[in-house]
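Here's a quick briefing to read alongside the structure. Have the sequence and the 3D view open as you go.

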Amino acid sequence: MISIEPHELSTGKLHGYLLGAVAPRPICFASTVDKEGNVNLSPFSFFNVFSARPPILVFSPARRGRDNTTKHTYENVLEVPEVVINIVSFEMVQQVSLSSTEYAKGVNEFTKAGFTEIPSELVKPPRVAEAPVQLECKVNDVIKLGTEGGAGNLVICEVVKIHIKEEILSEDGSIDPFKIDTVSRLGGNWYSRAKEGLFEVPKPLTTLGMGVDSLPEEIRRSKVLTGNDLGMLGNVENFPNSEEINTFINESDELKWLRDEGNVLEIHKKAQDFLCEGKIEEAWKVLLSRK
């Protein structure tokens, strides 16, 4: 066994050990607004429930370790002390990951990640329609834990309204863990699906993924591709060029046949097969090969 004093480690190394050890962690998918009404949506895994009466949730948007700047969520709750905490299910995890991209202030991550805004009833921030549970909260307090990069900011939230999709309930009215199908966060690229176990989600591009809103309309409205598929497709900076597409397609009789037939559903199914294997570039080449 190795023994380490935290001050001996870099912030990044310490952060990695803590996240790898204290895991799995539930995910707070927080929607907030600034004083101008601009919406922000971002996930945080420093999160849990701490009281039932009053109903209290706490999450922590930490200061960035690389440059000691603060996150838009933290800035927003200081301006407008309200938040909606949306619970993350497996079928939305790729879009949630994409929303963690550090877009410029004022960019709406609902739009970039392809989520649907619905109005809240008691607070200003909107809810994520795709989330199985949505918790409207008032912010009771924000506690700064430090001033260095990596320091947390505890956002203490009181739940004032709970929204639960009926399809995740069991016959006795309780939340069925198999139906809600939540995911949690570990270290690195690792997540855990409550009913199945570990899986990986590549981190969003530091160069900023194009986002779901930049995908061609035919792809955004696909009858085959899921929200997770769209989230993966949106996590690229550029489309492959025509030469790259043609070279890839012409190497396979199956792909040439799909291109020549032009059947949208079959093309989307083949692209989805590549996405299931984590082959995002190949999926794009198939999708863009249609004549």
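Ile2, Ile4 and Tyr17 together make a nonpolar surface patch of about 300 Å². This is a predicted model, so treat everything below as computed from it. Ile2 sits in the segment before α1 (11-21), and because its relative accessibility is 63%, over the 50% cut-off, Ile2 counts as exposed.

**Sheets**

- An open sheet of seven strands runs in the order β3-β2-β6-β9-β10-β5-β4, and its pairing is antiparallel.
- At the edges of that sheet you'll find β3 (39-44) and β4 (47-52), each pairing on one side only.
- Inside it, β2 (residues 28-33) and β6 (residues 82-87) pair in the antiparallel sense over four bridges; to find the spot, look for Ser31, whose bridge partner in β6 is Val84.
- There's also an open sheet of four strands, ordered β1-β11-β12-β13, again with antiparallel pairing.
- Its edge strands are β1 (25-26) and β13 (197-200), each with pairing on one side only.
- β12 (residues 190-193) and β13 run antiparallel and are joined by four bridges, with Phe199 in β13 as the bridge partner of Tyr191.

**Nonpolar core**

- The largest nonpolar core has 25 residues, and the ones touching the most other members are Leu215, Ile219, Leu233, Trp284, Val286 and Leu287.
- Elements giving two or more residues to this core are α7 (227-233), α8 (242-250), α9 (253-261), α10 (264-276) and α11 (280-287).
- Of these, α11 gives the most, with five residues.

**Loops and contacts along the chain**

- Pro61 is in the loop between β5 (55-59) and α2 (72-79), and its relative accessible area of 1% makes Pro61 buried.
- Pro61 and Asn153 are 92 residues apart along the chain, yet their C-alpha atoms are separated by 5.8 Å.
- Glu167 belongs to the loop between β10 (153-164) and α5 (177-180); with a relative accessible area of 55%, Glu167 is exposed.

**Salt bridges**

- The count comes to 17 salt bridges.
- Arg66 pairs with Glu102, and their closest N and O atoms are 2.4 Å apart.
- That pair links distant parts of the chain, 36 residues apart: Arg66 is in the loop between β5 and α2, while Glu102 is in the loop between α3 (93-99) and α4 (109-113).
- Arg66 is exposed at 63% relative accessible area, whereas Glu102 is partly exposed at 37%.
- Arg259 and Asp260 meet through their side chains in a salt bridge of 3.4 Å, N to O. Arg259 counts as buried at 13% relative accessibility, but Asp260 is partly exposed at 47%.
- Within helix α11, Glu281 and Lys285 lie four residues apart, about one turn of the helix, and their side chains meet in a salt bridge (3.2 Å, N to O).
- Which of these two is buried and which is partly exposed? Lys285 is buried, with 12% relative accessible area, and Glu281 is partly exposed, with 46%.
- Finally, Asp181, Arg193, Lys195 and Glu196 are linked in a network of salt bridges.

Technical notes: Residues are numbered from 1 along each chain as its sequence is written. This is a predicted model: local features need pLDDT of at least 70, side-chain atom pairs count only at pLDDT 80 or more; totals for chains, interfaces and linings use all residues. Side-chain values use heavy atoms; hydrogens and water are left out. Two strands pair if DSSP finds at least two bridges between them. Patches are made of residues with over 30% relative accessible area and no salt bridge: like charges are joined within 9 Å, nonpolar side chains (Val, Leu, Ile, Met, Phe, Trp, Tyr) within 5 Å. Accessible areas come from the Shrake-Rupley method with a 1.4 Å probe; for residues, only the protein chains shown count as cover. A salt bridge is a side-chain nitrogen of Lys or Arg within 4 Å of a carboxyl oxygen of Asp or Glu. Buried means under 20% relative accessible area, exposed over 50%, partly exposed in between (1.4 Å probe, protein chains only). A nonpolar core is a set of buried Ala, Val, Leu, Ile, Met, Phe, Trp, Tyr and Cys residues joined through side-chain atoms within 4.5 Å.
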